[in-house]
Amino acid sequence: MTSKAFEVYSDFPFFFEEELAEIFQAHEKVVFQKGDFILQEGKTANEYFILEKGLARSFVTDFNGNDVTTHFFVENEIIIEVSSLFQRIPTQENIVCITDCECLKIDFDTFQELYHKIQNLSEWGRAWMSNELFAYKQRSVEMFTLSATKRYLNLLEQKPQVVQFAPLKQIASYLGVTDTSLSRIRKELVSHPRKV
């Protein structure tokens, strides 16, 4: 089984070919339709996915009952709710497909078995978790230190599929702005692209 999505593992330089083959073989192909929930609030995650095709997002419901987007998952990224999966607790987040999605799934028990069997997988896991922690920290700092326009431009550069396929309301909540503010930012960028 070969897939560009497996680069999340093969980019790690220390795996042996036979280790990668065993890891790849442990994944199962699954397909979701637009609007399908990959994980729902109150459920405990029992697997994680690598997104081969499509776009998904995670969101929470705030104290006023509004959906607030916490993350967008693009192709060749891991779709996971870390605390629910590894602490075995119900999630507070929802993960839903914005478009039709094709994924590679590995269940928790299989991952645990391989994690303890393949030393390089545990090393990969630590490196992946460190990178994710850094990215989340960076995002939380940027929410306070960058303008909404700059945050939008960063999203456009890092994950252009989001701007192409996600509804304005979801992008606005992810950026921490209102729909109206985001519409204004987009109009200003179109009419004055050099000002930013």
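This is a predicted model: local features need pLDDT of at least 70, side-chain atom pairs count only at pLDDT 80 or more; totals for chains, interfaces and linings use all residues.
**Exercise 1. Find the residue with a positive phi in the hairpin of strand 4 and strand 5, and describe how the two strands pair.**

Solution. Residues are numbered from 1 along each chain as its sequence is written, and side-chain values use heavy atoms, with hydrogens and water left out. Next, turn to the strands, which are DSSP runs of E of at least two residues, just as helices are runs of H or I of at least four, both numbered from the N terminus. Strand 4 (residues 56–61) pairs with strand 5 in the antiparallel sense over 6 bridges, where pairing requires that DSSP finds at least two bridges between two strands. Within this pair, Val60 stands opposite Val68 in strand 5.

**Exercise 2. Work out the strand order of the open sheet of 4 strands, and state which strands stand at its edges.**

Solution. The order is 1-8-3-6, with antiparallel pairing. Strand 1 (28–32) and strand 6 (78–79) are the edge strands; each has a single partner strand, so one side of each is left without a neighbour in the sheet. Strand 6 is joined to strand 3 (residues 47–53) by 2 bridges, and Ile50 is found opposite Ile78 in strand 6. Finally, helix 4 (residues 108–117) lies across strand 3 and strand 8 (101–107), running at about 60 degrees to strand 8; axes are lines fitted to C-alpha atoms, for helices over the stretch in contact, and angles run from 0 to 180 degrees between N-to-C directions.

**Exercise 3. Describe how helix 6 and helix 8 pack, giving the angle and the residues that meet.**

Solution. Helix 6 (residues 148–158) and helix 8 (residues 168–175) pack at an angle of about 115 degrees, and their axes are 10 Å apart. On the side of helix 6, Arg151, Tyr152 and Leu155 take part, and they meet Ile171, Tyr174 and Leu175 in helix 8, contact being heavy atoms within 4.5 Å. By class, the residues of this contact are 5 nonpolar, no polar and 1 charged, where Ala, Val, Leu, Ile, Met, Phe, Trp, Tyr, Cys and Pro count as nonpolar, Asp, Glu, Lys and Arg as charged, and the others, Gly among them, as polar.

**Exercise 4. State the volume of the largest pocket, and identify which element gives the largest share of its lining.**

Solution. The space in the largest pocket is about 1,100 Å³. A pocket is found on a 1 Å grid over the protein atoms alone, as an open set with protein on both sides within 12 Å along at least five of seven lines, whereas a cavity is a set of points where a 1.4 Å probe fits but cannot get out; lining residues have an atom within 4 Å of a point. Grid points are joined across faces, edges and corners, and a volume is the space filled by probe spheres set on the points. Of the 36 lining residues, His71, Glu77, Glu132, Ala135 and Lys159 lie nearest the centre. Helix 5 gives the largest share, 13 residues.
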